[in-house]
Amino acid sequence: MTPDDVARAARMLDDAEIRREQIRPLTLDFPDMGMDQAYAVQAAWIERKLARGASVTGYKIGLTSRTMQRTMNIDTPDSGVLLDDMAFANGADIRAADFLDPRIEAEFAFVLAAPLAGSHVGIDDVLAATAYVVPALELISARSTRTDPATGYTRKVFDTIADNAANAGYIPGEVRIDPGAIDLRWQGALLAKDGVIEDTGLGAAVLDHPARGICWLCERLAAYGQGLDAGQFVLSGSFTGAVPVTAGTRIRADYGDFGTIDVGFV
């Protein structure tokens, strides 16, 4: 992809989100898109949002579970950028029509007390740099169709990465968890839609430990001379499946001793 191709692809995703109209997978128009090019498109799209006044609050990590990796035919996670206008409060009513094919996932988020950078960051480093962990829901959205209706073509992982790893929003819980006091591998949630449990999961589904996703993210960012900053909010990866939502849906994630997150879609 040329620099003009990258800019055009970012504009296509931006326009799709603004118009609330999905486009076909970018890899149909840019068949030579690979991992680096997909992240370049993502970065160019984020720059468009920053130019309109948004600010970076952190990152999301996706495709951390083996189930999702098998679904996408990939053996590595992906990541996206969180912005301030993506945050919703626990208990919020969210307009479903503002998002394309919206879905909800349950996970843990790390709030950093110190910077993290480098290609050899370990779990102990992540825990030492973490101020606290909170339960969190991720709201995902697909600016490109999962399957192109005209051709039957299924989007690739590069399409998802370019699409800011499908991120659209996040909803933190209120209970702050000391990650050094518990084993996050054995902590999880019950994810319910309209009062019915749709999925459950444990933190171990995320690369055997939620902090390991952040190790992976540091390694990926290090390749570009970047790292994580103190104060950033990092979604470490979902340990449940993605639950579709529409107007009228109520979502409740029960994290046991660590509280609940409730959101409605209107």
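User: What should I know before we start?

Analyst: This is a predicted model, where local features need pLDDT of at least 70 and side-chain atom pairs count only at pLDDT 80 or more, while totals for chains, interfaces and linings use all residues. Residues are numbered from 1 along each chain as its sequence is written, and side-chain values use heavy atoms, with hydrogens and water left out.

User: Why is the pair Arg250 and Asp93 called a salt bridge?

Analyst: The term asks for a side-chain nitrogen of Lys or Arg within 4 Å of a carboxyl oxygen of Asp or Glu. For Arg250 and Asp93 the closest N and O atoms are 3.2 Å apart, so the pair meets that cut-off. Arg250 lies in strand β11 (residues 250-254) and Asp93 in strand β3 (residues 93-94), so the bridge ties together parts 157 residues apart in sequence. Helices (H or I, at least four residues) and strands (E, at least two) are DSSP runs, numbered from the N terminus.

User: What makes Arg250 "partly exposed"?

Analyst: Buried means under 20% relative accessible area, exposed means over 50%, and partly exposed is in between (1.4 Å probe, protein chains only). Arg250 has 43% relative accessibility, so it counts as partly exposed. Arg252 at 42% gets that label too, and Ala40, in helix α3, is partly exposed with 31%.

User: Why is α7 described as mostly covered?

Analyst: Of its 13 residues, 10 are buried, among them Trp216 and Leu217. The buried residues of α7 pack against several elements, including α3, β1 (56-62) and β9 (233-238). Those of α1 pack against α2 (26-29), α3 (35-51) and α6 (157-162).

User: Which residues touch the most other members of the largest nonpolar core?

Analyst: They are Leu26, Leu137, Leu228 and Tyr255, in a core of 77 residues. A nonpolar core is a set of buried Ala, Val, Leu, Ile, Met, Phe, Trp, Tyr and Cys residues joined through side-chain atoms within 4.5 Å. Contact means heavy atoms within 4.5 Å; beyond its neighbours within four places in sequence, Leu137 is in contact with residues including Ile104, Leu191 and Tyr255.

User: Which residues lie closest to the centre of the second largest pocket?

Analyst: This pocket holds about 390 Å³ of space. Of its 18 lining residues, the closest to the centre are Glu17, Arg20, Lys49, Asp85 and Phe99. On a 1 Å grid over the protein atoms alone, a pocket is an open set of points where a 1.4 Å probe fits, with protein on both sides within 12 Å along at least five of seven lines; lining residues have an atom within 4 Å of a point. The volume is the space filled by probe spheres set on the points, which are joined across faces, edges and corners. Helix α1 supplies the largest share of the lining, 3 residues.
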